[in-house]
Amino acid sequence: MNELQIIATYSDFLSEVGIPHLVGGSLASSAWGEQRATNDADLLLQFESVSMERFLKGFPRGFFAEAAEVREAVASDEAFASFQTLYEQTAFKIDNFIA
């Protein structure tokens, strides 16, 4: 899978489990403006406790996130709390920022 396919698969998963999200960072700026090389993606996610559990139990094949990091980020009151998701086959990293 290329980077756009990885993000599309991850976005489809987020939609399926009911997590509103949007893509930002280099991928978004490349789509709407100047092309930029990137080795990761930045997403903004809006979690609720029920969707977090669905997220943790339904991860798509080939994707990984540390459950403790997800829970910590979602529970945090810090601005820009985040956790990482990794597409294991290519080590493509997704930075998930909590809205």
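A: Fine, with the note that this is a predicted model. Aspartate 95 is a place to start; its position is in strand β5, residues 92-98.

Q: Is aspartate 95 buried or exposed?
A: Aspartate 95 has a relative accessibility of 12%, so it counts as buried, the cut-off for that being under 20%.

Q: What does its side chain make a polar contact with?
A: With the side chain of glutamine 84, at 3.4 Å.

Q: And which residues does aspartate 95 touch, leaving out those up to four places away in sequence?
A: Asp40, Ala41, Asp42, Leu43, Phe83 and Gln84.

Q: Let's go to the sheet. What is the strand order?
A: The order is β1-β2-β5-β4-β3, in an open sheet of five strands with mixed pairing. The edge strands are β1 (21-24) and β3, each of which pairs on one side only.

Q: How many bridges join β1 to β2?
A: Four, and the two strands run antiparallel; β2 covers residues 40-45. Within β2, aspartate 42 stands opposite glycine 24. Aspartate 42 is also one of the residues that aspartate 95 touches.

Q: Zooming out, how many helices and strands does the protein have?
A: Four helices and five strands. Along the sequence they follow the pattern α-β-α-β-α-β-α-β-β.

Q: New topic, aromatics. How many pairs?
A: The structure has 10 aromatic pairs. In one of them, tyrosine 10 and phenylalanine 63 have ring centres 5.7 Å apart and planes at 20 degrees, so this pair is stacked, since planes under 30 degrees apart count as such.

Q: Where do tyrosine 10 and phenylalanine 63 sit in the chain?
A: Tyrosine 10 is in helix α1 (residues 3-16) and phenylalanine 63 is in strand β3 (residues 63-64). They are 53 residues apart, and the pair links distant parts of the chain.

Q: Are those two buried or exposed?
A: Tyrosine 10 is buried, because its relative accessibility is 0%. Phenylalanine 63 is buried too, with a relative accessible area of 6%.

Q: What about phenylalanine 47 and phenylalanine 55, what kind of pair do they form?
A: An edge-to-face pair, 5.4 Å centre to centre with 85 degrees between the planes. Both phenylalanine 47 and phenylalanine 55 are buried.

Q: Which residues do ring pairs link into a cluster?
A: Tyr10, Phe13, Phe47, Phe55, Phe59, Phe63, Phe83 and Tyr87.

Q: Last bit, the totals. How much of the protein counts as buried?
A: 35% of its 99 residues. The accessible surface comes to about 6100 Å², and 51% of that belongs to carbon and sulfur atoms.

Q: And of the contacts between residues at least 6 apart in sequence, what share joins residues at least 24 apart?
A: 55% of them.

Note on methods
Residues numbered from 1 in each chain as written. Predicted model: local features only at pLDDT ≥ 70, side-chain atom pairs only at ≥ 80, totals over all residues. Heavy atoms only, no water. Buried < 20%, exposed > 50% of the residue type's maximum accessible area, 1.4 Å probe, protein only. Polar contact = N/O pair within 3.5 Å; in protein donor to acceptor, adjacent residues only side chain to side chain. Contact = heavy atoms within 4.5 Å. Phe/Tyr/Trp six-rings, centres within 6.5 Å; stacked < 30°, edge-to-face > 60°. Areas by Shrake-Rupley, 256 points an atom, 1.4 Å probe, with all protein chains shown as cover. Pairing = 2+ DSSP bridges.
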